[in-house]
Amino acid sequence: MSTTRKLAALPCGHRSKWVVLALWLVLLIALGPLAGKLMGAEDNQASSWLPGSAESTRVLNEQRAFQPVDTAQAVVVYQRTDGITPDDRAEAAREAVRFATVPHVVGPVIGPVLSADGQAMQTIVPIDVGSNGWNDLKPAVDSLRQTAAANGHGMTTHVTGPGGIAADQAKAFAGIDGSLLAATISVVIVLLLLTYRSPVLWLLPLLSAGGALTVSQAFIYLLAKHAGLTVNAQSAGILIVLVLGAGTDYALLLTARYREELRRHEDRHEAMAYALHRAGPAVLASSATVVASMLCLLIAEMNSTRGLGPVLAIGVVVALAAMLTLLPALLVIVGRWVFWPVRPAYGTPEPTRTGRWAHVGAWIGRRPRKVWVGTALALAACCVGLVSLNANGLSTAASFTGKPDSVVGQQVLEQHFPGGTGAPLTVVSAAAGAPAVRAAAQSTAGVAATSPPVVRDGRALFQATLTDPPDSQAAKATVDRVRAAVHAVPGADAQVGGNTAVILDAGRAAGNDNRAIIPLVLGVVLLILAVLLRAVAAPLVLIATVVLSYAAALGISSLFFAHVFHFQGEDNAFPLFVFVFLVALGIDYNIFLMTRVREESVRHGTRQGALIGLSATGGVITSAGLILASTFAVLGTLPVVGLAEIGFAVALGVLLDTLVVRSVLVTALTMDLDRHMWWPGRLSRRSSDAVVAAGPEGRDPGQV
């Protein structure tokens with residue numbers, strides 16, 4: 001027995017299966033409590049999301065010399081359209097005193113300040129975000145809202161500004177792990193029941209995927225706590241979807257091959273060993289593409305994107321380990337009855353040979369060139385929607401699917417005060433140059449006012465209020481003008497940060513990440529495919545089909561976002577995230593298909609191998625695609641536009657890939673290119689006649 005066969009037999013041996021189960025139980029018992037602590041280890045502070053080298057990040061770090069704690073300004077805005085009364089002003093002043101006693105409120109409370117039109121007031125309340133990020137903001141802002149609303153006496157009150165907005169973001173993400181987990185598990189259970197048509201079998205993949213999620217969350221918690229790994233609400237949420245979705249995909253492929261081998265082997269242990277030997281390399285290569293793609297994110301400028309990579313890579317590695325060890329052990333332990341009512345008895349015929357996918361393959365085989373050309377043109381037509389793609393970032397109002405209080409308050413604030421009120425720019429410089437720096441900033445178009453500088457340890461800090469809303473394009477242009485003006489002051493070492501500068505720097509970093517990471521991911525995936533398929537032509541064809549699928553999904557999604565969901569645009573990182581997920585996960589299905597096609601091509605020739613490969617894997621890959629698409633679609637239920645858009649686009653792309661690209665386009669291309677698909681490998685030099693002459697079995701796949 002070869003070394004690979006021996007390794008494949010380890011998780012499913014007569015005795016070793018119990019050892020594998022015991023090891024996983026020990027892991028789950030030991031690490032389970034740590035998995036529940038992951039949310040407490042999340043770092044949702046602004047600096048954990050921003051590019052470390054950005055000017056706005058350096059300003060955030062310098063601010064700590066002027067403020068003992070990190071703060072976010074909440075702006076309490078009062079409005080009475082028929083005019084603020086003296087009693088209103090007195091009540092707002094009393095509330096300002098009460099605001100100062102709210103837990104986590106630090107520093108002086110400024111206000112109330114009356115607007116020029118006399119219809120509104122604002123009070124600025126600094127809140128300590130500390131090490132808990134936005135988690136401490138929510139209770140503090142809730143308290144401010146309750147206090148302001150209780151004594152309005154006809155005034156409308158809102159809490160907005162960076163603090164209010166961040167608190168509403170924290171509310172949107174509150175319970176994201178639990179809600180995503182519940183929704184994802186529900187979707188997986190329903191689809192596994194429909195796929196297996198068994199009242200019991202669905203439980204084993206789900207238990208294995210759940211175990212993988214628990215162990216991966218525990219490992220990530222330990223790395224976040226002791227090794228400096230950055231985890232935030234976004235990466236923790238996507239981890240749940242990816243581990244359950246990808247893990248279930250691997251489980252479906254392995255279980256399908258095991259069921260196939262049970263019809264050929266009387267001993268279920270041998271059947272599983274052979275299934276692992278044959279399906280294992282495809283699952284391993286598939287997970288390797290996902291892990292490698294995720295690790296490419298480590299070169300990102302954005303801290304949030306860079307931290308996402310290792311978090312998801314760890315999740316996929318643990319999911320792979322569970323599906324290649326725990327699931328095989330469980331399946332062998334329970335025996336054939338778990339497939340009831342369609343029990344795969346030894347010696348019974350394999351139904352996939354004459355199923356619907358065999359008929360699809362026969363239809364494609366009659367005119368493969370016409371099929372792939374027509375399919376490619378249809379997908380290219382879907383790419384036209386890319387003209388409406390607007391991945392230039394989302395404004396505060398556009399980042400929520402609803403309209404929280406902070407968004408309403410921001411609109412009220414903009415009606416009565418300069419647009420940048422509550423979210424000013426922060427300028428730091430050498431103390432000696434502070435007067436000149438302040439004068440340069442004050443004279444810049446788009447700046448409404450500047451505060452007096454505060455001097456500490458040879459450095460000075462002041463704030464500049466903008467005339468435009470802080471998340472507008474006009475405000476971003478003002479940041480560039482202010483930076484140019486203050487940088488020109490000799491010897492001042494001036495830097496500009498603040499909320500608008502953060503938005504601007506994050507957008508530019510995301511653009512740089514798109515340009516750097518997308519080509520890198522393509523190169524890495526191409527290399528893995530070349531090694532796996534021992535060819536150059538096939539990997540190039542597969543990469544081209546996945547990129548076409550990605551562009552089509554993006555085009556259709558952008559049309560839906562603009563004309564159906566009425567979103568105002570896409571997040572800066574949207575194209576990158578969708579690309580990484582679709583290429584890494586989309587190539588999975590091509591790997592599942594093409595490894596089986598190559599295996600059959602050795603024995604039957606490429607055209608016949610494509611037919612057999614499609615009929616054997618079509619059902620399981622389609623089921624896997626539906627499950628993965630559904631798990632990502634769960635992200636669309638969140639009240640955060642950025643995640644909803646990623647969920648929709650990835651789900652759509654996965655469906656396109658499984659139902660159209662992999663089943664029709666790739667199969668037709670393989671049939672049309674025939675043996676040339678495997679160029680320059682040995683298989684490309686074997687004609688169909690040579691395969692027939694060699695006999696039905698041909699040579700062993702390992703010899704080609």
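## Close-up views of a predicted model

**View A. Helix H4 and its packing partners.** The buried residues of H4 pack against strand S5 (425-430), strand S8 (459-466), helix H17 (473-487), strand S9 (495-498) and helix H18 (499-533). In H4, which spans residues 55-63, those buried residues are Glu 55, Ser 56, Thr 57, Val 59 and Gln 63. Here, buried means under 20% relative accessible area, exposed means over 50%, and partly exposed lies in between (1.4 Å probe, protein chains only). Contact means heavy atoms within 4.5 Å. Helices (H or I, at least four residues) and strands (E, at least two) are DSSP runs, numbered from the N terminus.

This is a predicted model, in which local features need pLDDT of at least 70 and side-chain atom pairs count only at pLDDT 80 or more, while totals for chains, interfaces and linings use all residues. Residues are numbered from 1 along each chain as its sequence is written, and side-chain values use heavy atoms, with hydrogens and water left out.

**View B. Helix H2 crossing helix H12.** The axes of H2 (residues 16-35) and H12 (residues 303-334) come within 9 Å and cross at roughly 130°. That makes H2 oblique to H12. Axes are lines fitted to C-alpha atoms, for helices over the stretch in contact, and angles run from 0 to 180 degrees between N-to-C directions. Angles under 35 degrees count as roughly parallel, over 145 as roughly antiparallel, 65 to 115 as roughly perpendicular, and the rest as oblique. The H2 and H12 crossing is left-handed (the near helix is turned anticlockwise from the far one by less than a right angle; clockwise would be right-handed). On the H2 side, look for Lys 17, Trp 18, Val 20, Leu 21 and Trp 24; their partners in H12 include Val 318, Ala 321, Leu 326 and Ile 333. By class, this contact of H2 with H12 has 12 nonpolar, 1 polar and 1 charged residues. Ala, Val, Leu, Ile, Met, Phe, Trp, Tyr, Cys and Pro count as nonpolar, Asp, Glu, Lys and Arg as charged, and the others, Gly among them, as polar.

**View C. Helix H9 crossing helix H10.** For H9 (residues 203-226) and H10 (residues 233-262), the axes come within 9 Å and cross at roughly 140°. H9 and H10 are therefore oblique to each other, and their crossing is right-handed. Residues of H9 that meet H10 include Pro 205, Leu 213 and Ile 220, with Leu 239, Val 243 and Ala 251 among those on the H10 side. The contact of H9 with H10 divides into 10 nonpolar, 4 polar and no charged residues.

**View D. A cluster of phenylalanine rings.** Phe 560, Phe 561, Phe 565, Phe 567, Phe 574 and Phe 648 form one aromatic cluster. Rings of Phe, Tyr and Trp (its six-membered ring) pair if their centres lie within 6.5 Å; planes under 30 degrees apart count as stacked, over 60 as edge-to-face and the rest as tilted. The whole structure holds 11 such pairs. Phe 561 and Phe 567 have ring centres 5.8 Å apart and planes at 40°, so this pair is tilted. Both of these residues are buried. Phe 561 also pairs edge-to-face with Phe 574, at 5.7 Å centre to centre and 70° between the planes. Phe 561 lies in helix H19 (residues 537-563) and Phe 574 in helix H20 (residues 574-604), so the pair ties together parts that are 13 residues apart in sequence.

View E. Pro 112 sits in strand S2 (residues 110-114).
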